[in-house]
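Here are my notes on this one, as promised. Have a look at the fold first, then go through the points below.

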Amino acid sequence: MKYETIIFDLDGTLLDTLLDINDAINDTLKQMNLPYKSSEENARNFIGMGVHVLIDRVFDYYKINENLKDEFFKLYIVNYSKHVNIKTKPFDGVINTLTELKKEGFKLGVISNKPNNDVKRCLDDYFKDIFDFVIGQQEGVRTKPYPDIFYKMVEIYKFNKDKVLYVGDMDVDIKFAKNINVDVAIYSNGYGRIKISQNNEKIFNKYDELLSIVREKWKNN
């Protein structure tokens with residue numbers, strides 16, 4: 001079946017946000033007088049499941065008192081909003097690929113576990129007017145890998161849920177695609193470091209390879 005819509009993860013797939021996330025973590029640790037400093041490698045292991053899981057992972061890694069979690073969450077949200085798009089940048093080839101897909105008539109979307117307002121800020125700065133469907137973390141809607149956020153997007157935007165390719169970079173994206181029963185392509189230079197196909201997902205190293213994956217599907221249907 002030919003694709004009509006291509007939906008992307010954000011962090012580690014479209015945008016390299018790692019440095020800004022890490023800076024926000026370190027600002028928060030410093031403001032709370034906690035004697036730790038996160039590295040880029042630490043931050044890479046913290047991200048992928050939304051802000052609440054990120055903070056859970058920070059607390060688990062540094063063995064921080066759970067009673068401080070609410071304060072940390074509030075400060076982190078403020079700090080990340082200050083850091084959004086300071087050091088963030090699109091991965092190589094992303095903008096050209098999105099532009100080409102748009103020209104070829106595909107609808108493009110983003111589903112992210114990042115808070116909804118931060119998702120929109122990132123997209124407005126780097127991809128204004130490219131995406132047709134966008135959704136981030138919302139209160140009361142379970143995030144990836146649960147399918148709920150996808151069905152919320154379908155409810156809002158009314159596109160054909162059976163003609164979708166999902167593009168991500170981590171194991172959580174593979175699980176998510178399986179849960180919503182769509183094909184998945186994985187960017188191997190994102191944060192998940194997935195180099196070998198685990199099931200039926202397509203692995204691509206450069207964004208022009210994603211164009212080939214999409215076109216091959218059209219040719220074979």
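Predicted model: local features only at pLDDT ≥ 70, side-chain atom pairs only at ≥ 80, totals over all residues.

1. Let's start with the pair H1 and H4. H1 covers residues 18-31, and H4 covers residues 69-83. Their axes come within 8 Å and cross at roughly 135°. Angles over 145 degrees would count as roughly antiparallel, and 65 to 115 as roughly perpendicular, so H1 and H4 are oblique to each other. The crossing of H1 over H4 is right-handed.

2. Who meets whom there? From H1 come Asp 20, Ile 21, Asp 23, Ala 24, Ile 25, Asp 27, Thr 28, Leu 29 and Gln 31, and from H4 come Phe 72, Leu 75, Tyr 76, Asn 79, Tyr 80 and His 83. Sorted by class, this contact has eight nonpolar, four polar and three charged residues.

3. Is Asn 79 buried or exposed? Its relative accessibility is 3%, and the cut-off for buried is under 20%, so Asn 79 counts as buried. Setting aside neighbours within four places in sequence, Asn 79 is in contact with Ala 24, Asp 27, Thr 28 and Gln 31.

4. Next, H5, which runs over residues 94-103. Which of its residues are buried? They are Val 94, Thr 97, Leu 98 and Leu 101. Viewed down the axis of H5, the buried residues fall within an arc of 100°, so they line one face of the helix. The spacing is worth a reminder: an α-helix has 3.6 residues a turn, so residues three or four places apart point the same way. On the other side of H5, Asn 96 and Lys 103 are exposed. Just after H5 comes Gly 105, with a positive phi of about 100°.

5. H7 (residues 148-157) can be read in a similar manner. Ile 149, Phe 150, Met 153 and Val 154 are buried in this helix. They cover an arc of only 145° around the axis, which puts them on the same side of H7. What lies over them? The cover includes strands S1 (5-8), S4 (107-115), S5 (133-137) and S6 (164-168), along with helix H8 (171-180).

6. Now some backbone angles to check. Most residues other than glycine have a negative phi, and most peptide bonds are trans. Lys 158, which follows H7, has a positive phi of about 60° although it is not a glycine. Its place is in the loop between H7 and S6. With a relative accessibility of 65%, Lys 158 counts as exposed.

7. Asn 33 is another non-glycine residue with a positive phi, near 55°. You will find Asn 33 in the loop between H1 and helix H2 (40-46). Its relative accessible area is 70%, and Asn 33 is exposed.

8. Last, a peptide bond to look at: which form does the one from Lys 144 to Pro 145 take, cis or trans? It is cis, with omega near 15°. Pro 145 is placed in the loop between S5 and H7.

How values were computed: Residues numbered from 1 in each chain as written. Heavy atoms only, no water. Buried < 20%, exposed > 50% of the residue type's maximum accessible area, 1.4 Å probe, protein only. Helix = DSSP H or I, 4+ residues; strand = E, 2+ residues; numbered from the N terminus. Arc of directions from axis to C-beta. Contact = heavy atoms within 4.5 Å. Axes fitted to C-alpha atoms, helices over the stretch in contact; angles between N-to-C directions. Parallel < 35°, antiparallel > 145°, perpendicular 65-115°, else oblique. Left-handed = near helix turned anticlockwise from the far one by under 90°. Nonpolar A, V, L, I, M, F, W, Y, C, P; charged D, E, K, R; others polar.
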